[in-house]
Amino acid sequence: MWFGTPNGLCRYDGSGLTGFRYHPGRAGDVVNNFIRGNILEDKTGNIWYSNESGIFKWDVYKEKVVKVRPFKKEEFGNVDFKTLTLDTSGSLWLFNVFYGIFEFDISTGALKRYPLPAPTNGLTFILSYTTVDEAGNIWIRIVSDDEPYIVFNKSTHRYAAGLTGTTPHALFFSHH
C-alpha cells in the first residue's frame, strides 16, 4: 500500500513502512515533498504525484523519486497542483484552482492548459471535491454550497456545469 504524506511517499509492505523523498539533483532545485491530490500507479508500476514544485514519479526500477517536470515560481506563482487521473493514452491530468486543468503528456513532457471557464477568487475559494467518472471526465466542486459541479469533458476539452440546484457535497463513481 502507498501513502502520500507531507513528507513524501510511504510504502507499507505488510510488515513495515519505507519512506521515499525527492532529493535535489542540482543546486537551486526547489524541494517540497508534500504530496497533493491523488497518487497514481501507471501500468509499469511507477507512482505519480504533484505539488507546487512539480510533477514527480517514484521510479519502480530505481526505487527513488525523480522530478519529471519542475514548476518554476515565475511560471505558476508557487500554487499547488492536485494530481487527478492517469489515462490510457499516457497523460497525467492535474488541477489548480487558479489555472484550471492541465494535461501532462508523459512521453513528450508537454503540458497543456485548459483554463477554467470563469476566474476564481483564491481568497474565498473552498475546494470541496474533485473526482473522475468512468468516461474519464473530471468533476470539480468549487467556491460555495450554491455553485454547481463543473465537468471537464476530456474528449471535447470543454467545461460544462453539472448538477445545478441542490448539489451533493461529494460524488463517487464506481468502476466495475
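**Figure 1. Arg69 and its polar partner Glu75.** The side chains of Arg69 and Glu75 make a polar contact at 2.9 Å. The model is predicted. Arg69 sits in strand S7, which covers residues 64–70. Its relative accessibility is 17%, so Arg69 counts as buried, the limit being under 20%.

**Figure 2. The open sheet S1-S2-S3.** Three strands make up this open sheet, and their pairing is antiparallel. Strand S1 (2–5) and strand S3 (17–20) are the edge strands, each pairing on one side only. From one strand to the next, the twist averages 25 degrees. Strand S2 spans residues 8–12 and is joined to S1 by four bridges. In general, strands of a sheet pair through backbone hydrogen bonds.

Figure 3. Arg21 lies in the loop between S3 and strand S4 (36–41). Arg21 counts as partly exposed because its relative accessibility is 37%. Its side chain joins that of Asn7 through a polar contact of 2.5 Å. Leaving aside neighbours within four places in sequence, Arg21 is in contact with Asn7, Asn33 and Val65. Take the pair Arg21 and Val65: 44 residues separate them in sequence, and their C-alpha atoms are 6.1 Å apart.

**Figure 4. The Arg11–Glu63 salt bridge.** The side chains of Arg11 and Glu63 meet in a salt bridge, with an N to O distance of 3.5 Å. This pair links distant parts of the chain, 52 residues apart. Arg11 belongs to strand S2, while Glu63 is in the loop between strand S6 (54–59) and S7. Arg11 has a relative accessible area of 21%, so it is partly exposed. Glu63, at 42% relative accessibility, also counts as partly exposed. The model has five salt bridges in its count.

**Figure 5. The Lys82–Asp80 salt bridge.** Lys82 and Asp80 form a salt bridge, and their closest N and O atoms are 2.3 Å apart. Lys82 is partly exposed, with a relative accessible area of 22%. Asp80 counts as partly exposed too, at 26% relative accessibility. Side chains of opposite charge can pair when their charged atoms come close.

**Figure 6. The Asp87–Lys154 salt bridge.** Here the closest N and O atoms of Asp87 and Lys154 are 3.5 Å apart, in a salt bridge. Asp87 lies in the loop between strand S8 (82–86) and strand S9 (91–96). Lys154 lies in the loop between strand S14 (149–153) and strand S15 (158–162). The pair therefore ties together parts that are 67 residues apart in sequence. Asp87 is buried, with a relative accessible area of 18%. Lys154 is buried as well, at 15%.

**Figure 7. Context for the close-ups.** The protein has one helix and 15 strands. Of its 176 residues, 42% count as buried. Among contacts with a separation of 6 or more, 34% involve residues 24 or more positions apart. The accessible surface comes to about 9,900 Å², and carbon and sulfur atoms hold 53% of this area.

Conventions:
Residues numbered from 1 in each chain as written. Predicted model: local features only at pLDDT ≥ 70, side-chain atom pairs only at ≥ 80, totals over all residues. Heavy atoms only, no water. Helix = DSSP H or I, 4+ residues; strand = E, 2+ residues; numbered from the N terminus. Buried < 20%, exposed > 50% of the residue type's maximum accessible area, 1.4 Å probe, protein only. Polar contact = N/O pair within 3.5 Å; in protein donor to acceptor, adjacent residues only side chain to side chain. Pairing = 2+ DSSP bridges. Axes fitted to C-alpha atoms, helices over the stretch in contact; angles between N-to-C directions. Contact = heavy atoms within 4.5 Å. Areas by Shrake-Rupley, 256 points an atom, 1.4 Å probe, with all protein chains shown as cover. Salt bridge = Lys/Arg side-chain N within 4 Å of Asp/Glu carboxyl O.
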